[in-house]
Amino acid sequence: MDISVREMKRVVLVGPSGRIDHQSAPELQKVLDEQIAGGHFKIVVDMSNVTYISSAGLRVLLAARKGVKRWNRGDLRLAGVQPFVRETLELVGFTRIFEIYDDTVDAVGSF
Amino acid sequence: MDYRDAFAKYVESQELSPQEAADTWDAILAFERWLAATGQPAVLSRTAALKYRADLVAQAADREDLRQRVAPVQRFVSWLDRTGQAEVEERTVQALDALKEITTALNQTADLQEAIETTLRAVTSLLGLGTGWVFLLNEADAFIPVADIGLPPALSADDRRELRREPECECQWQLRTGRLKRAVNIVQCSRLEEANGDTAGLRYHASIPIRARKRTLGILNVTGSSQEVFSGADLQVLGAVGDALGMAIERARLIDYARSRRLREQETLLRLSRELLSSLDPRHVTQLVVEEAARIFDADAATLALLTGEDMMTIVATVGWQQEWLEGGGYRALPGGLTHRAYVGGETIIEADMLASPSGGSDLVRAHGWRAGVAVPVAIRDTVIGVLTVYATTADHFSDDDSRLLGLIAAQAALAIHNAREYEEKAQEAWHRNALLQVAENIRDLSTMQDILETVGHLAPMFLGATSCGFFLWNGPAAAFVPHLIVGDADDAQCRERFAALPAAQTGVLFDRVLAVRQPFLVTQPEAPGSADVFDVFSAKRLLVVPLVARSLLVGVMILDPSSETERYTTRLLDIASGMGTQTAVAIENERLRRAEMEAERLAQELELAHNIQRSFLPDQAPTLAGWDIAPRWEPARIVTGDFYDFVMQPDGGLGVVIADVSDKGAPAAIFMAVSRSLLRASSLAYSDVAEAIDHANALIAADAESSMFVTAFLLNLDGRVGHIDFVNAGHNPPLLVRADGTHEWLGREAHGPALGIVLDYRWPQRSVDLAPGDTLVLYTDGVTEAINGDDEAFGEERLAQVVAQGRDLSAESLASHIVDAVAEFAGGHPQFDDITLVVLKRLGE
């Protein structure tokens, strides 16, 4: 899985692509863990290139969100979620806990 | 002599006219032709035959065509009778017959004594002589009586003392002085005259020289008691007998010589081959070959050159070389020289006189004064491996026979050298194999790296001619070798101390080379700057460095201090070291793999156990509910899964059904699943209201959600009697309801709440649906709808709806199988990606 990482002034933009399933989820987890370990706690995950997310992928997002939430004002927000993926997020109730933005500019600006 | 001579005399003495003579001759010829027709031509050609054929003449007279001609023939025959011509002729014929018989007999024997005795017997009996004896000249040129027949007592007495008596007699004297050139009458035989005793009236004899190719061999003497002086014709015949005998003797001698020579050759070869084959040391074999070759041919020098490199004939053994030519060693056969030419041509070369050759011989040849030489190729099968050369300081020293024998010796030598080389190779190989086998056997059952290294550390110095063996293990991350263990002379505490004192990270030229070559090598201190302390540990100037590499994985390096004696066989040393290094590394690597394998097996066993535990959590059978057909299906993608289903019989008679999917897979998910299942089960038993049960379960799950796990769940409560269902969806895939008419709907697609474990304090909406007879409800996990095919397409809800609608008349069990099959068919060769869990509920028709 290709995962792009862009460190901006205050926010890190992580961009996975393709399917986030139980095989690729650990890769995303590694990238997110590294960012959090490196003291980045404002993270935007660009979901515009994600075609599918499994429960394992959801768990990674949930765990990362928990990680950044330990910091005051820390958060992990989602941007550009595709309809199919949004369905999944809605189904399991993620839309209730994650802030989701239409595009990355909005998401980054939200911090 | 034939009857032409007699006829001439007859014509002369009877004064026949030419006409008469011609008529008579014609008659004789006609007679002869007739006789020839009767088949007696051999006798006819002789004068004497006419006499014996007188009766034939009489027969001929009866024949019309011969009658007129018989008279002159008869007249000729009676003249022959009258004048005694026939007797003379007869003697001659007898002599010729004797000669023929003697020659035939002689041709049939190869034995010298037998030849002489046969001759004597034939000559005396056929010529009616009675007595004869033969002197032969021996190697010392003395006359030796070798055979006799019918000797008078005076000569035979006292073991033929008279015949042996010196001085030489008349005939012997004549022979020795060259006067006895043909058969002659010895009218005064001194032996017969001077002999004491009965000479049986013998006074003289004929002496016939026995010669062969102008060489004088001896004398044949014959006589008879009634014998007068031998006629010229007799002597002529006897001369021929002498010549035949001479030839026979010569041939017998030659055969005898050839036989004894062959015997000698065979003995020589047998002895040589026994000696050669009893030695398995190539150096000894080669030396023996040249020494024996020189001795057998009475040669002044001998050389054995063997092929040592590409077209290089190196002298490996010599005899008869001057010291200064031997100094320096490694002497090679010169191109153009005798040895080299035999090698290039692959055949024997014989030189009668090298000094007389155009080149005058090489410096080596001239320096030694060698003149004659023979060089024969030493070949195994058709491959020339060397050349055996013998030299003599006299020209023409070697005959063709010699070169042939030398060829046989060379063949023996080739065999012996081949055997010795093969033996040496085999011995080395056996030793080598034994060394490696010992190491292999000793480390086979060892279970720790420490044990392996200690065992190899004790064995390796033994086989590699060293006293100590140190191990340095490769530390990949640190890119250095770490001193680990030294084994060897136990008393050498100093050596251990110095080893223990080595810096923990060993680098430098020596260790760089280990990384680069990964093969054993020998290294001296000047070649390995920076590793002086390592050399100090071993107190050695030269070290054997053996990388431990298994399957291209570098484990470490073994360093030993081979003794200076090992310098003679460094190739073998490195070979064995290479084998040992690999064995050790493989043993260590195997040990490591064995541990990993054990670990994997342990894990597999634990997972199997976890699977069985999980399995035991799930109800084996669907509950029996009147009017309902219910079937669960649980197909984990891996041994443990996060999916589960459950049936809970409510106290009020309702049936609680749960399907759930824990986020993530594997062991952590399995544990979370077990917890979730217990909580859901407990909650649904505690609360008949499904919404309350979910709230309760979520509170408990979310309270302990450190791991960020969550579980999607669909919980329903069925009143089987009326087909009423209350349900709550906590983030789970909406179940599919297919009505009896084939239409379908999804339960809880809109009305649902988040998965359990994500949020606290949430009120999940509860909904209801009623199932009529023939309706089918399918609960499933995302493994069904999200199964993908080769084109990355998902199975999807629409396809699921179609499959279920299609199979809605099947039993619950069959429908479950139908769905699983459809998913598998859709995925094609794709491995099952996710767990598939189903619960099929069918309300039976009335």
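How many residues of chain A are in contact with chain B, and how many of chain B with chain A?

## The interface between chains A and B

In this predicted model, 13 residues of chain A are in contact with 15 residues of chain B. On the side of chain A that touches chain B, α2 (55-68) and α4 (94-97) each supply at least two residues. Helix α2(A) gives the most, with seven residues. By residue class, the side of chain A that touches chain B divides into seven nonpolar, three polar and three charged residues.

## The sheet of chain A

Chain A holds an open sheet of five strands in the order β1-β2-β4-β6-β7, and the pairing is mixed. The edges are taken by β1 (3-7) and β7 (100-101) of chain A; each has a single partner strand, so one side of each is left without a neighbour in the sheet.

Helix α1 (residues 25-37) of chain A lies across β1, β2 (12-16) and β4 (42-46) of chain A, and runs at about 175° to β2(A).

## Chain B overall

Chain B has 846 residues, of which 41% count as buried. Its secondary structure comprises 27 helices and 25 strands. Among contacts in chain B between residues at least 6 apart in sequence, 64% join residues at least 24 apart.

## A sheet of chain B

An open sheet of five strands in chain B has the order β16-β25-β24-β21-β22, with antiparallel pairing. Its edge strands are β16 (628-635) and β22 (744-746) of chain B, each pairing on one side only. Neighbouring strands of this sheet are turned by 15° against each other on average, direction ignored.

Strand β16(B) pairs with β25 (residues 836-843) of chain B in the antiparallel sense, over eight bridges. Ala631(B) stands opposite Val840(B), a residue of β25(B). Elsewhere on the sheet, helix α26 (residues 796-806) of chain B lies across β21 (736-738), β22 and β24 (776-780) of chain B. The helix α26(B) runs at about 35° to β21(B).

## Ala392(B) and its surroundings

Ala392(B) is found in strand β10 (residues 383-392) of chain B. This residue counts as buried because 22 C-beta neighbours lie inside 10 Å, the cut-off being 20 or more.

Apart from its neighbours within four places in sequence, Ala392(B) is in contact with Ala299(B), Asp300(B), Trp370(B), Arg371(B), Ala372(B), His397(B) and Phe398(B).

## Helix α15 of chain B

Helix α15 of chain B covers residues 338-345, and its buried residues are Leu338(B), Thr339(B), His340(B), Ala342(B) and Tyr343(B). Gly346(B) follows α15(B) and has a positive phi, near 70°.

Methods. Residues are numbered from 1 along each chain as its sequence is written. Chains are lettered from A and ligands numbered from 1 in the order in which they are written. This is a predicted model: local features need pLDDT of at least 70, side-chain atom pairs count only at pLDDT 80 or more; totals for chains, interfaces and linings use all residues. Helices (H or I, at least four residues) and strands (E, at least two) are DSSP runs, numbered from the N terminus. A residue is buried if 20 or more other C-beta atoms lie within 10 Å of its own, exposed if 12 or fewer, and partly exposed in between; C-beta atoms are placed from the backbone. Two residues are in contact if their C-beta atoms, placed from the backbone, lie within 7 Å. Ala, Val, Leu, Ile, Met, Phe, Trp, Tyr, Cys and Pro count as nonpolar, Asp, Glu, Lys and Arg as charged, and the others, Gly among them, as polar. Two strands pair if DSSP finds at least two bridges between them. Axes are lines fitted to C-alpha atoms, for helices over the stretch in contact, and angles run from 0 to 180 degrees between N-to-C directions.
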